[in-house]
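Biologist: I'm new to this structure, and I'd like a close look at a single part of it. Could you walk me through the pocket and the pieces that surround it?

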Amino acid sequence: MKLGILGCGYAGTRLAARAVKAGDDVRCAVRSEARCDALKADGFDVHRVSLDDFTALRAFGEGLDAVVHLAPPPEEAEIEAEVERVATAASGVAAYVYGST
């Protein structure tokens, strides 16, 4: 399976490692340069993506079978915008999973 993980903090990194071990093709998305560098050093396919950059989100989600989004819940005023952002990354995938950390 081609799996994309939006948010590779503590939980996302562990999910990515387990998925790779199971033979899945994993693509990680993070915001910070430091996190991106750390995950690349561990051998992950990492994309530095801002949730406000719809072009980058579309590129991240291209060709994936599933997207897992691991992040704290957005503020109430941001819910619709967050849904739109993530829908962009997950467009065309067979499965989308949201987990709040």
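Modeller: Happy to! The largest pocket in this predicted model has a volume of about 470 Å³. Its lining is made up of 25 residues, and G7, R31, L51, L70 and A71 lie nearest the centre. Two or more lining residues come from each of helix 1 (10–21), strand 2 (25–30), strand 4 (66–70) and helix 4 (79–90). Helix 1 gives the largest share, three residues.

Five of its five residues are buried, so strand 4 is largely enclosed by the rest of the structure. In a regular strand, side chains alternate between the two faces of the sheet. Here A66, V68 and L70 point one way, while V67 and H69 point the other way. Strand 4 also has partners: strand 1 pairs with it in the parallel sense over four bridges, with L3 standing opposite A66. Strand 5 runs parallel to strand 4 as well, joined to it by five bridges, and there A66 stands opposite A95.

Now for helix 4. Its twelve residues should span 16 Å at 1.5 Å a residue, and its end C-alpha atoms are 16 Å apart, which agrees. The buried residues of helix 4 are E82, R85, V86, T88, A89 and A90. Among the elements covering them are strand 1 (2–6), helix 3 (54–61), strand 4 and strand 5 (95–99). After helix 4 comes G92, with a positive phi near 90°.

Notes: Residues are numbered from 1 along each chain as its sequence is written. This is a predicted model: local features need pLDDT of at least 70, side-chain atom pairs count only at pLDDT 80 or more; totals for chains, interfaces and linings use all residues. Side-chain values use heavy atoms; hydrogens and water are left out. On a 1 Å grid over the protein atoms alone, a cavity is a set of points where a 1.4 Å probe fits but cannot get out, and a pocket is an open set with protein on both sides within 12 Å along at least five of seven lines; lining residues have an atom within 4 Å of a point. Grid points are joined across faces, edges and corners, and a volume is the space filled by probe spheres set on the points. The expected span of a helix is 1.5 Å times one less than its number of residues. Buried means under 20% relative accessible area, exposed over 50%, partly exposed in between (1.4 Å probe, protein chains only). Contact means heavy atoms within 4.5 Å. Two strands pair if DSSP finds at least two bridges between them.
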